[in-house]
Amino acid sequence: MEFSQDVSMGDDSEARNYDPFTVEENIDQLNEIDKCIVQLMSHTSTALNSLTLPTNPTSDSSIEGAAPSLDAPSQKEAFRTSTDSFLTTLHTIDVKIKRQIMALEEAGIVNLSNPQRQDPNGPSKPSLKPNGVGAVGNLDVGWLNSRGTRVERDMEAELWSKAKDILAKGTDDMQ
């Protein structure tokens, strides 16, 4: 399965310099990945449908003895074809996502390299580059965000002020 964005890997012995992808090209590639995921779901649906018994469109209860006819060889072939397409599409998605991850690393957005060590047997040296899983250095950003209560306090204050306004309106209406 070839896509318009795929790069031909010919037997050229000369080294080529490639420009990094632009933001628009990266978005187009992510859209291609999205379309491949839709194809993946379609192949899954086809494979599962080939394993199920066909339903009879007429729900007439007088024909109880008539069972839907099964064509086992064609069902097997449909299952085999859809699973092959599923695996091919899954491989394509895997390759394209790896390309996107490498582009993120190349742009310096995530750092997936092994952490540097101060000495061979010692602990790893913290890096200030984001690692792609929410940690910067030895600090876990998610942990830090979960410890902050400012947003909670601001929302609570806002709710209390609204409640006071409602009560003030209620007492003004009663008088």
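Met-41 sits in helix α1. This is a predicted model. Met-41 counts as exposed, because its relative accessibility is 54% and the cut-off for exposed is over 50%.

## A negative patch

Charge gathers on the surface too. Asp-19, Glu-24, Glu-25 and Asp-28 make up a patch of negative charge.

Take Glu-24 as one of its members. Glu-24 lies in helix α1, which covers residues 23-51. Glu-24 has a relative accessibility of 54%, so Glu-24 counts as exposed.

## Salt bridges: the count

How many salt bridges does the structure hold? The structure holds four. Among them are the pairs Lys-98 with Asp-94, Arg-150 with Asp-154, and Glu-158 with Lys-162.

## The pair in helix α2

Lys-98 forms a salt bridge with Asp-94. The closest N and O atoms of this pair are 3.5 Å apart. That counts as a salt bridge because the cut-off is within 4 Å.

Where do the partners sit along the chain? Lys-98 and Asp-94 are both in helix α2, which spans residues 72-106. They are four residues apart, so about one helical turn separates them. Lys-98 is partly exposed, with a relative accessible area of 47%. Asp-94 is partly exposed as well, at 36%.

## Two pairs in helix α4

Helix α4 runs over residues 150-174. Arg-150 and Asp-154 belong to this helix. Their side chains meet in a salt bridge, at 3.7 Å from N to O. Arg-150 and Asp-154 are four residues apart, which means a separation of about one helical turn. Is Arg-150 buried or exposed? Arg-150 counts as exposed, at 59% relative accessibility. Asp-154 counts as partly exposed, at 45%.

Glu-158 and Lys-162 are also in helix α4. The side chains of Glu-158 and Lys-162 meet in a salt bridge, with 3.6 Å from N to O. Why are Glu-158 and Lys-162 separated by about one helical turn? Because they are four residues apart in the helix. Glu-158 counts as partly exposed at 43% relative accessibility. Lys-162 is partly exposed, with a relative accessible area of 45%.

Methods
Residues are numbered from 1 along each chain as its sequence is written. This is a predicted model: local features need pLDDT of at least 70, side-chain atom pairs count only at pLDDT 80 or more; totals for chains, interfaces and linings use all residues. Side-chain values use heavy atoms; hydrogens and water are left out. Patches are made of residues with over 30% relative accessible area and no salt bridge: like charges are joined within 9 Å, nonpolar side chains (Val, Leu, Ile, Met, Phe, Trp, Tyr) within 5 Å. Accessible areas come from the Shrake-Rupley method with a 1.4 Å probe; for residues, only the protein chains shown count as cover. Lys and Arg count as positive and Asp and Glu as negative; His and the chain ends are not counted. The place of a charge is taken as NZ of Lys, CZ of Arg, CG of Asp or CD of Glu. Buried means under 20% relative accessible area, exposed over 50%, partly exposed in between (1.4 Å probe, protein chains only).
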